[in-house]
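Morning, everyone. Let me put the structure up on the screen, and then I'll walk you through it.

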Amino acid sequence: MTPDGRTATGSVLATSSVSSAPTTGRGGPGPRRTGTGRRRLGESTNLSGWLFVAPTLVVLGLFLLVPILMALWVSVSDWTGKGNPFSGDTGFVGLDNYKVLFTEDALTRQDFMTSLRNNFYFVLLVVPAQTVLALFLAVVLNQSLLKARGFFRSAFYFPSVTSSVAISLTFLFLFTGSGAVNSLLGFVGIDGPNWFSDARGLIHIVGDKLGVWSIDSPPAALTDSGVLSLSWWDWLSGPSVALCVIIMLVVWTTTGTFMLMFLAALQDVPQDVVEASRIDGANRWNTFRAVTLPHLRPTMLLVITLGLIGTWQVFDQVFVMTTGGPSKTTSTPAYLQYFYAFEGQEWGVAAAMAFVLFLIIFVLTGLQRFLFRDKDAIAEKRAVRARNRRRRKALAAEGGEVR
Amino acid sequence: MSTLSPARRTPIDNRRALLLFLGYVVLVAFALIYLYPFFIQVATSFKTDPDAVRNPLSLSPDPFTGRSFQRLATSDFPLWFLNSVVVTVCVTVGRVFLDSLAGYALARIKFRGRQAIFTAVLAVMAVPGVILLIPKFLVLKQLQIYDTYPALIVPLLVDAAGVFIMKQFFENIPVSVEEAARIDGAGTFRIFWSVVLPMARPAVITLTILSFQGSWNELPHFIVASQDPALYTLTKGVATLTSGQLGSGNQFPLTMAAALVMTIPVALVFVIFQRYFVTGANAGAEKG
Amino acid sequence: MTSPRRTPARTARRRAGLAALALASATVLAACGGGGFEEDSTDTADGPTGGEGKASLQMLIASSGDAETKAVEDAAAAWAEESGNEVKVVVAQDMAQQLSQGFAGGNPPDIFYLDASLFPDYAVNENLYAYADQVDDVDDFYQPLRDTFTLDGTEYCVPKDFSTLALQINTKSWEAAGLTEDDLPTTWDELADVAGKLTTGDQVGLALGPGRDRVGAFLVENGGFWADSESGEITADTPENAEALQYAQDLLKSGDAAFSADLDSGWGGEAFGTERAAMTIEGNWIKGAMENDYPDVDYTVAELPEGPAGKGTLQFTQCWGISAESKNQSAAVDLVNFLTTPEQQLEFADAFGVMPSRQAAQQDYVDSYPEDAAFIAGGEYGQGPVNLPGVGPALADLDSQLESLKSANVEDVLGSFQKNAEAAVE
């Protein structure tokens with residue numbers, strides 16, 4: 001190992017991810033590396049490697065892996081919260097706790113289904129809204145002609161870094177009956193609702209306004225039958241007015257982070273291609289669709305995945321602002337499992353809820369990745385082809401040669 | 001051409017000016033939406049209760065009063081603040097150190113089982129945090145540290161995303177640096193501690209900030225990890241204000257003052273270290 | 001095996017490095033783990049099983065406001081002074097949640113307020129220490145209240161106090177509406193009538209607190225109730241109950257009455273104190289809140305109007321619960337004895353308006369607080385809470401349905417509670 005050799009290796013490998021590079025250097029100095037020495041050294045690197053990761057492994061194992069296994073046991077047990085769940089007093093009940101969630105027409109299933117419904121509408125509104133808004137703000141901020149972009153970027157990002165508790169309290173104040181939001185609405189002649197005590201569903205309200213049905217006497221066809229402990233009328237409620245406040249809050253706080261991701265991706269969009277497209281006579285919108293958007297696809301996938309994962313976990317805001325009310329319309333599975341365990345002492349059912357929630361998140365993100373992956377590859381291919389074609393055309397027009 | 005005769009504007013210039021104008025309108029409008037709530041928070045914390053209810057939009061307290069802050073100062077609030085500081089400092093120091101160690105090992109030390117560990121770390125990142133509430137409570141109870149400072153701190157000491165960020169960074173540091181040190185006879189830990197870690201300053205700062213912000217704002221873990229009011233952190237304590245721990249009803253100036261005080265440290269760090277926040281957000285992007 | 005070809009110095013340095021690493025990790029963990037403030041060590045290191053030595057008790061209360069908190073803190077401090085023990089009074093945000101977490105976490109408060117409606121579940125789960133037989137002159141407590149805290153023949157805890165619901169009226173609004181003493185509502189129709197007269201642009205006639213514990217009074221006045229605690233029968237889906245809920249719903253729909261939440265208030269007392277409502281239906285605890293938070297609002301208290309079935313109100317009580325797992329049970333019992341003397345009960349009555357649960361204190365109370373006649377009268381005909389084991393979730397669901405009573409179908413509300421509660425009782 002000459003000094004020259006080292007420098008060479010260093011500069012070449014500087015940006016690569018070849019982490020096995022130090023094999024040569026690891027042995028320490030000198031040509032005296034005998035077979036024995038190498039084994040000894042291998043052992044000592046093994047030792048230090050494990051020592052380095054040991055604290056991480058212990059903490060992750062102890063507070064992640066072990067707890068999950070313990071909760072798995074509790075979800076098939078009849079533990080009531082008293083004493084040790086692993087002592088002989090706690091019985092094995094098989095899948096009973098899961099059956100309570102899905103097959104027994106009682107209050108627990110009704111609560112759980114209500115929370116799933118609420119969370120479903122929550123995801124349905126939050127994920128598209130935060131994705132579109134983040135993309136929109138990123139595109140605007142990416143216009144190099146605008147001044148003070150740094151300030152605006154910070155302004156949009158700031159809510160993302162502040163405490164959810166502080167923000168929840170602030171929104172509680174903004175949205176009280178006589179609060180800032182209703183004052184604003186008052187300026188334009190709208191009599192705002194009592195946000196946090198209004199359990200009416202958005203779809204119910206819209207239908208009522210359009211004359212499709214009356215909220216006070218909903219159509220019997222919808223109320224008299226249903227599935228999984230909720231009537232069709234209940235399933236079709238849409239998010240309640242109170243839930244809408246949480247939806248707005250979450251969109252408001254998460255947009256900033258996603259905007260930064262889009263912004264980083266936008267800065268990687270090859271400007272020559274954009275310009276080529278513009279020269280071709282495509283207008284802004286078409287350029288955006290044909291060039292920029294395909295380029296953003298991986299980021300889009302990421303943002304939607306993170307959005308899906310995050311929105312199925314909404315807890316803090318419910319805990320601070322509504323504790324599930326009014327009329328359970330802001331209860332989410334994440335909050336309900338907490339409530340059932342820590343308040344209702346129904347630990348088994350609550351743990352079962354947590355695992356169902358885990359499964360939902362897991363399946364949804366997997367499904368979403370799968371769906372996007374295909375389109376992604378196709379779009380990528382298409383974009384590359386289009387780009388090449390355009391480049392070729394552009395170069396040909398300039399009389400250059402296609403490389 | 002147009003620069004030569006600014007008086008005569010082409011349609012394209014007009015269009016561009018209009019777009020620019022629209023761009024500013026959008027930016028200013030959204031900046032108001034994103035910042036006005038914080039202005040209201042600040043203003044309301046200096047208002048009296050009736051003033052807050054009567055003029056919720058106004059940014060000038062009338063009369064101006066610091067009574068809310070006085071009330072906070074004489075309540076448990078200082079204790080919560082202190083607890084938050086203790087927990088945040090411990091978590092941040094521990095996390096940066098342990099994440100760097102593990103990140104370094106995964107990036108640079110070739111030991112048996114490394115790949116398996118890295119895969120495990122990636123898998124751990126996929127576990128949604130909120131489903132761990134009940135499990136964490138169970139394990140803390142089982143370890144007999146429920147309702148103690150360790151219960152608040154230790155489970156937060158390592159985060160898989162931080163390990164990932166550090167690993168990424170270490171991989172980009174030239175190997176030659178380590179080799180030079182190794183020839184001088186430095187051991188693995190010394191190389192890590194005095195050679196590589198100092199070079200990783202940007203990553204360390206990013207991680208420090210993310211850990212600080214994450215643990216300062218953490219709520220669910222503190223809810224399930226303790227019960228004793230002497231162990232309340234700011235987030236947990238302030239969350240109780242909504243139901244009138246300090247008296248009956250919605251005393252908005254009080255809650256806004258509490259929200260303000262807990263926002264200030266993060267806001268300061270944000271203003272000073274902005275670009276690291278940006279790096280952090282995008283490091284998060286890469287991990288997906 | 002040959003010896004390693006490494007200089008001892010280098011090996012030592014390497015070892016030192018690893019040791020430093022281990023040490024550093026340990027320091028981080030220890031600094032954060034072991035440290036903390038001194039207060040917390042006193043909390044965890046409780047004295048030996050009560051009686052001998054100094055005990056450190058934790059008391060969890062659900063407070064109606066600063067007045068109640070302060071009164072309980074003062075009383076606890078007085079006992080601590082006298083007995084040489086320590087008491088830390090904690091105000092619960094959410095009593096049920098904090099108690100449950102305490103029991104599950106293995107460190108519940110030693111002594112706590114226990115609401116009659118929560119009592120049966122905790123008793124069944126063996127969370128409670130049955131100490132009533134150790135209380136001085138236990139026969140002096142009102143028998144109906146004692147029965148509330150007795151399950152399967154075991155009397156667990158003694159009632160702290162009791163209270164009833166009555167009608168509070170804002171004097172200024174009353175006079176402004178041109179009403180006199182003769183107009184005090186004694187029937188449902190009259191209540192609706194005065195509520196209408198008191199409703200102005202910025203004030204609603206009547207504010208109702210949330211949940212079954214307020215509208216339940218109308219059920220009693222109509223001869224019904226959610227359940228019969230004695231027989232364990234759920235009696236929700238009767239025409240009488242439907243009629244009573246319908247009456248409440250009509251009041252809400254008319255705009256002359258509103259839930260406190262719709263008036264930006266956490267409970268009826270707040271809506272009343274901030275003068276967003278001219279009347280409210282609350283219990284004795286409103287006195288303390290009015291005195292402390294809204295001293296400028298003048299008001300009078302009247303009995304609730306009679307319904308078709310005559311007079312009716314709700315009666316509430318809580319006991320001093322002692323945890324079965326407390327290490328300081330005898331000290332806690334000692335504290336309960338201190339807190340339930342007639343003198344101390346009168347002090348609490350003075351501070352936040354609750355009524356003594358001891359007969360020995362009753363005459364003094366009646367003499368000292370003539371203005372509380374309406375609350376005291378309610379003691380005669382008040383209906384206690386539903387306290388059947390297992391119905392907690394069904395009751396919580398009922399409360400959540402009542403939040404949207406204004407637009408709900410009253411038969412559906414009663415029917416679903418009937419179904420859920422019956423399933424819980426079996």
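**A short tour of three chains**

Start with A:A148, in the loop between α5 (107-141) and α6 (149-161) of chain A. Helices here are DSSP runs of H or I with at least four residues, strands are runs of E with at least two, and both are numbered from the N terminus. A:A148 is not a glycine, yet its phi is positive, about 60 degrees. Is A:A148 buried or exposed? It counts as exposed, because it has 12 C-beta neighbours inside 10 Å. The cut-offs are these: buried takes 20 or more other C-beta atoms within 10 Å of a residue's own, exposed takes 12 or fewer, partly exposed is in between, and the C-beta atoms are placed from the backbone.

A word on what you are looking at. This is a predicted model, where local features need pLDDT of at least 70, side-chain atom pairs count only at pLDDT 80 or more, and totals for chains, interfaces and linings use all residues. Residues are numbered from 1 along each chain as its sequence is written, and chains are lettered from A and ligands numbered from 1 in the order in which they are written.

Back to chain A. A:L228 also is not a glycine and has a positive phi, about 55 degrees. Where is A:L228? Look in the loop between β1 (226-227) and β2 (230-231) of chain A. A:L228 counts as partly exposed, because it has 16 C-beta neighbours inside 10 Å.

Now the chain as a whole. Chain A has 17 helices and two strands. It runs to 403 residues, and buried residues make up 46% of them. Next, contacts: two residues are in contact if their C-beta atoms, placed from the backbone, lie within 7 Å. Take the contacts in chain A between residues at least 6 apart in sequence: 67% of these join residues at least 24 apart.

Find helix α7 of chain A, residues 164-174. How many of its 11 residues are buried? The count is 11 of the 11, so the helix is largely enclosed by the rest of the structure. Among the buried residues are A:S164, A:F171 and A:L174.

Two peptide bonds deserve a stop. One is cis and joins A:G325 to A:P326, with omega about -5 degrees. A:P326 sits in the loop between α15 (316-322) and α16 (333-342) of chain A. Over in chain B, another cis bond joins B:D62 and B:P63, with omega about 0 degrees. The loop between α2 (49-54) and α3 (67-74) of chain B holds B:P63.

**Where chains meet**

Chain B first. Its contact with chain A takes 86 residues from chain B and 91 residues from chain A. On the chain B side, helix α1 (residues 11-45) gives the largest share, 13 residues. By class, that side of chain B has 60 nonpolar, 17 polar and nine charged residues. Nonpolar means Ala, Val, Leu, Ile, Met, Phe, Trp, Tyr, Cys and Pro; charged means Asp, Glu, Lys and Arg; the others, Gly among them, are polar.

Now chain C against chain A. Here 30 residues of chain C are in contact with 29 residues of chain A. Which helix of chain C gives the most to that side? It is α4(C), with six residues. The chain C side divides into 12 nonpolar, 12 polar and six charged residues.

**Inside chain C**

Chain C has 18 helices and 15 strands. Of its 426 residues, 53% are buried. Among contacts between residues at least 6 apart in sequence, 75% join residues at least 24 apart.

The domain assignment, automatic or from a database, gives domain 1 (56-163 + 316-383) and domain 2 (166-282 + 390-425) of chain C. Their C-alpha centres lie 27 Å apart. The contact takes six residues from each of domain 1 and domain 2 of chain C. On the domain 1 side, helix α16 (residues 373-381) supplies the largest share, three residues. That side has two nonpolar, three polar and one charged residues.

Last stop: C:Y122, in helix α5 (residues 119-124) of chain C. C:Y122 is buried, because 27 other C-beta atoms lie within 10 Å. Leaving out residues up to four places away in sequence, C:Y122 touches C:L114, C:N127 and C:L128. C:Y369 is 247 residues from C:Y122 in sequence, and 35 Å from it in space, C-alpha to C-alpha.
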